[in-house]
Structure formats: structure tokens, C-alpha cells
Amino acid sequence: KGASEGIRIGMKAILNDTVLVGFVEDVFEHSARIRLLSSFGQERQLLIEGNTTPFLVRGDGGGTFVFDVPRDFSVEKGNALLFMGERPFLVGFVESIQAHTSESVIKIKAIIPFNPNELSLLILIP
């Protein structure tokens, strides 16, 4: 789908009505390109489930995200990352936590909950 079908830059690309895959980046007459949230250098404010403090999460490519949280922040492997808007969307899951006692932050790596090579149907919403 593209501009002829009402697709616009900035629309959210949603999988299974629950997972935010990314945003429409370019629109052509009958097609559009979606940039994955996990694409290298993409930055978004996301929440870790059960918390109200958003963190700046950076796409690291290959379906992964990286970000830092304060050392005393409560986070566990498997926690969901959420995009908050009119309603929350799942973005990924915490895969690993790297904490060193000498550092003031914990380094988090998260992964997307789908294989981008197997996507066949997405819903685009404003």
C-alpha cells in the first residue's frame, strides 16, 4: 500500500494488533517503506513494564535495542519494553542485563518479538 491507499509518513506499523514494528518512513504511489524500531541508530522513549519512567532506547540493528538504566533501577530479564501512546504497544523484551559494581548504570540489551524476514501482514495506523 502507498499514497494512493492513504498511507502517510509517520504511521505506526503494527503486528497482530499488539506489537509496534516501526514507523512509515517513505511513501510512494502504491508502496511504503517502514523503518524498524530496532534499526541501527533509531531512538525512542520506551517504558519497561511495571515502571513509569521512560528511557531513551536505541536500535542496535539485527533486531536488538540497547539502553542504560540507573544501577538501582529494578529490571529483570524478560521484562517487556512498551511504546506508550493512545494505548501501549509491545516493542521488545529484555534479553540481557550487564551490571558492574563500579559503574553507575546497568547496560540493557533487548530484542524484538518477531522475525522481520517472516512478516507478511502489518496494520498501519495514524
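Trainee: What should I know before I start?

Mentor: Residues are numbered from 1 along each chain as its sequence is written. The model is predicted, so local features need pLDDT of at least 70, side-chain atom pairs count only at pLDDT 80 or more, totals for chains, interfaces and linings use all residues, and side-chain values use heavy atoms, without hydrogens and water.

Trainee: Which strands does β4 pair with, and how do they run?

Mentor: Strands are DSSP runs of E, at least two residues, numbered from the N terminus. Two strands pair if DSSP finds at least two bridges between them. Here β4 (residues 43-48) and β5 (residues 55-61) run antiparallel, joined by four bridges. Leucine 46 stands opposite phenylalanine 55. Six residues lie between β4 and β5 in their hairpin, and glycine 50 in the turn has a positive phi of about 85°. β4 also runs antiparallel to β7 (residues 80-83), with two bridges. There, isoleucine 48 partners leucine 81.

Trainee: Is threonine 64 buried or exposed?

Mentor: Buried means under 20% relative accessible area, exposed over 50%, partly exposed in between (1.4 Å probe, protein chains only). Threonine 64 is buried, at 11%. This residue belongs to strand β6 (residues 64-70).

Trainee: What does threonine 64 contact beyond four places in sequence?

Mentor: Contact means heavy atoms within 4.5 Å. The partners of threonine 64 are Ser38, Arg58, Gly59, Lys109, Ala110 and Ile111.

Trainee: Which residues does valine 91 touch?

Mentor: Residues up to four places away are not counted; among those touched are Leu20, Phe65, Leu81 and Pro113.
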